Amino acid sequence: VQLQACGGGLVRAGGSLRLSCAASGDRIRLDYMGWYFEVPGNERELLATFTRRGTPIYRDSVKGRFTISRDNAKNTIYLQMDSLKPEDTGVYYCAAGRMSLATWREVTTWGQGTLVTVSS
């Protein structure tokens, strides 16, 4: 599996961005994909993914503000980020695993990180 992510950038607090991640290769399961977030000095953390039934699940810090979605026909997942805050600044990674994601340990393939900067 290969992952190609894009969509980061600079935005003011309260603004929005949408990240996308296109997957290619064999055995792609979009419900085993998700978005992670990393800032220097902290562990890479899972922000959003899907349950085995395809239900989106989120880290508490982004609930109500971020929305993960997917397009099965395009093998692509998205992360719509609204009401962005300065503390959302960091590098966002899409990721894929061979099982439902919970931590970075389940990840088998990482996309390249995309930087999101939220100015106050």
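Trainee: Which hand does the link of Cys 21 and Cys 94 have, and how many degrees are there about the S-S bond?
Mentor: The link of Cys 21 and Cys 94 is right-handed, with 55 degrees about the S-S bond. The pair connects distant parts of the chain, with Cys 21 in strand E3 (residues 17-24) and Cys 94 in strand E9 (residues 90-97), 73 residues apart. Strands (E, at least two residues) and helices (H or I, at least four) are DSSP runs numbered from the N terminus.

Trainee: Before we go on, what are the ground rules here?
Mentor: This is a predicted model, where local features need pLDDT of at least 70 and side-chain atom pairs count only at pLDDT 80 or more, while totals for chains, interfaces and linings use all residues. Residues are numbered from 1 along each chain as its sequence is written, and side-chain values use heavy atoms, with hydrogens and water left out.

Trainee: How many disulfides does a search of the whole structure find?
Mentor: The search finds 1 disulfide, a disulfide being a pair of cysteine sulfur atoms within 2.5 Å. Cys 21 and Cys 94 form it, with an S to S distance of 2.1 Å.

Trainee: Are Cys 21 and Cys 94 buried or exposed?
Mentor: Both Cys 21 and Cys 94 are buried. Buried means under 20% relative accessible area, exposed over 50%, and partly exposed in between (1.4 Å probe, protein chains only).

Trainee: And what about Cys 6, where is the nearest cysteine sulfur?
Mentor: Cys 6 is in no disulfide, and the nearest cysteine sulfur, that of Cys 21, is 8.6 Å away. Cys 6 counts as partly exposed because its relative accessibility is 41%.

Trainee: Switching to the fold. How many helices and strands are in the protein chain?
Mentor: The protein chain has 0 helices and 11 strands.

Trainee: Next, Leu 101. Where does it lie?
Mentor: Leu 101 lies in the loop between E9 and E10. It counts as buried because its relative accessibility is 5%.

Trainee: What is Leu 101 in contact with, leaving aside neighbours within four places in sequence?
Mentor: Its partners include Tyr 32, Met 33, Tyr 36, Leu 46 and Val 107, where contact means heavy atoms within 4.5 Å. Leu 101 and Trp 35 are 66 residues apart in sequence, and their C-alpha atoms are 9.6 Å apart in space.

Trainee: Which strand holds Thr 109?
Mentor: Thr 109 is in strand E10 (residues 107-110). Its relative accessible area is 16%, so Thr 109 is buried. With neighbours within four places in sequence left aside, Thr 109 is in contact with Val 1, Leu 3, Cys 94, Ala 95 and Ala 96. Cys 94 in that list is the disulfide partner of Cys 21.

Trainee: Last topic, backbone angles. What is the phi of Asn 75?
Mentor: Asn 75 has a positive phi of about 50 degrees, although it is not a glycine. Asn 75 sits in the loop between strand E7 (66-71) and strand E8 (76-81). Ser 83 also has a positive phi of about 50 degrees without being a glycine, and Ser 83 is in the loop between E8 and E9.

Trainee: How accessible are Asn 75 and Ser 83?
Mentor: Asn 75 counts as partly exposed at 28% relative accessibility. Ser 83 counts as partly exposed at 42%.
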